[in-house]
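Keep the 3D view open as you read, and look for each residue as it comes up.

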Amino acid sequence: MIKFNNIYKKLNNREILSGVDFLINTGEVIAIVGQSGAGKSVTLKHMVRLMSPDRGSIEIDGEQIDNLSNSEIRNKRSKIGVLFQSSALIQWLSVYENVALPLHQRTSKTENEIYKIVSERLKWVDLFESKDLYPSELSGGMQKRVGLARATILNPKIILYDEPTSGLDPVTSRKIDKLIMKLNNEMQLTSVIITHDLISALSISSKIMMLHDGKIIEFCNPNDFIKSNHPVVQKFVNSQKIL
Ligand SMILES: Nc1ncnc2c1ncn2[C@@H]1O[C@H](COP(=O)(O)OP(=O)(O)O)[C@@H](O)[C@H]1O
Ligand SMILES: [Mg+2]
């Protein structure tokens, strides 16, 4: 469960979030859409307290995260997987080492146990054969899949994706969408996916949230979303219509 209670946030003296208020229930799959600069990534960063609100409070699974100590927030974060826009892979570590990293850092598992877990997850994202390659040797889609494997390696309850298909061709994008759906089903995750891609949002999510000028202008199921009367939503939907 992720709950934002009337969140306000200024950056560089500009109000980026202006009273963002929502509840995402456990097990839901939410897509966040909105034009570039709408505050999507800023919203996501608040969910793991990489940013803190000026006003309002944030709850994860019923617990307010604003006042948690550093060790408490680290503990909370270990239950939340994040796939950042850049994939954020470590360039000097192999595919295997990147995916194993959270297990080395956050658990006391043996090398053998880690090998078993990582190998399984790499097979799952179809990258086992590539386990010794380095990020610079991978295609964009492969990098996203490594990011996905790493973000889920600690079996999180919540997973946040920041534009998982940006920069990918349509065929590869749909493959990533399918992988995300498979993850949701098998791990029963609460998922938040930031995307500019309406096709992804419609096929993956149970509800779509649209941010505009730091406010939520629509938050409803995909069917209602495409029928929304809000002019900004209509414009967004029409701009992505496939002819
Ligand atoms: N760390 C920061 N410092 C100052 N301004 C920022 C920072 N992060 C984001 N912004 C600004 O906040 C606005 C929203 O950013 P962001 O949430 O990244 O947009 P998007 O919806 O494209 O993900 C943008 O105008 C951006 O320039
Ligand atoms: Mg962004």
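This is a predicted model: local features need pLDDT of at least 70, side-chain atom pairs count only at pLDDT 80 or more; totals for chains, interfaces and linings use all residues.

Setting aside residues up to four places away in sequence, Val99 touches Val118, Arg121, Leu122, Val146, Ala149, Arg150 and Ile153.

## A six-stranded sheet

Now turn to the strands. In what order do the six strands of the open sheet stand? The order is E6-E7-E8-E3-E9-E10, with mixed pairing. Strand E6 (80-83) and strand E10 (215-220) are at the edges; each has a single partner strand, so one side of each is left without a neighbour in the sheet. From one strand to the next, the twist averages 15 degrees.

As a reminder, strands of a sheet pair through backbone hydrogen bonds, and they do so either parallel or antiparallel. Both kinds can be found here, as the next two sections show.

## Around strand E8

Strand E7 (residues 158-162) pairs with strand E8 (residues 190-194) in the parallel sense, over five bridges. To follow this pairing in the view, find isoleucine 158, whose bridge partner in E8 is threonine 190. Then find aspartate 162, which stands opposite isoleucine 194 in E8. E8 also runs parallel to E3, and four bridges join these two strands. Here valine 29 stands opposite serine 191 of E8.

Is E8 mostly covered or mostly open? E8 is mostly covered, with five of its five residues buried. The cover extends to both faces: Thr190, Val192 and Ile194 are buried on one side, and Ser191 and Ile193 are buried on the other.

Isoleucine 32 has methionine 209 as its bridge partner in E9. Strand E9 (residues 207-212) is mostly covered, with five of its six residues buried.

How do E9 and E10 run, parallel or antiparallel? They run antiparallel and are joined by five bridges. Leucine 211 stands opposite isoleucine 216 in E10. E9 and E10 form a hairpin with two residues between them, and aspartate 213 in the turn has a positive phi of about 50 degrees.

## Other positive phi values

Most residues other than glycine have a negative phi.

Asparagine 6 is not a glycine, yet has a positive phi of about 50 degrees. Asparagine 6 is found in strand E1 (residues 2-11). Why does asparagine 6 count as partly exposed? Because 13 C-beta neighbours lie inside 10 Å, which is between the cut-offs of 12 or fewer for exposed and 20 or more for buried.

Aspartate 61, also a residue other than glycine, has a positive phi near 50 degrees. Look for aspartate 61 in the loop between strand E4 (55-60) and strand E5 (63-64). Aspartate 61 has 15 other C-beta atoms within 10 Å, so this residue is partly exposed.

## Lysine 3 in strand E1

Lysine 3 lies in strand E1. With 16 other C-beta atoms within 10 Å, lysine 3 is partly exposed. Leaving aside neighbours within four places in sequence, lysine 3 is in contact with Leu23, Ile58 and Glu59. Lysine 3 and isoleucine 216 are 213 residues apart along the chain, and their C-alpha atoms are separated by 14 Å.

## The surroundings of ligand 1

Finally, look at ligand 1. Which residues surround ligand 1? They are Leu11, Asn12, Ile16, Gly34, Ser36, Gly37, Ala38, Gly39, Lys40, Ser41 and Val42. This shell divides into four nonpolar residues, six polar and one charged. Helix H1 (residues 40-47) gives the most to the shell, with three residues.

Terms used. Residues are numbered from 1 along each chain as its sequence is written. Chains are lettered from A and ligands numbered from 1 in the order in which they are written. A residue is near a molecule or strand if its C-beta atom, placed from the backbone, lies within 6 Å of it. Ala, Val, Leu, Ile, Met, Phe, Trp, Tyr, Cys and Pro count as nonpolar, Asp, Glu, Lys and Arg as charged, and the others, Gly among them, as polar. Two residues are in contact if their C-beta atoms, placed from the backbone, lie within 7 Å. Two strands pair if DSSP finds at least two bridges between them. Axes are lines fitted to C-alpha atoms, for helices over the stretch in contact, and angles run from 0 to 180 degrees between N-to-C directions.
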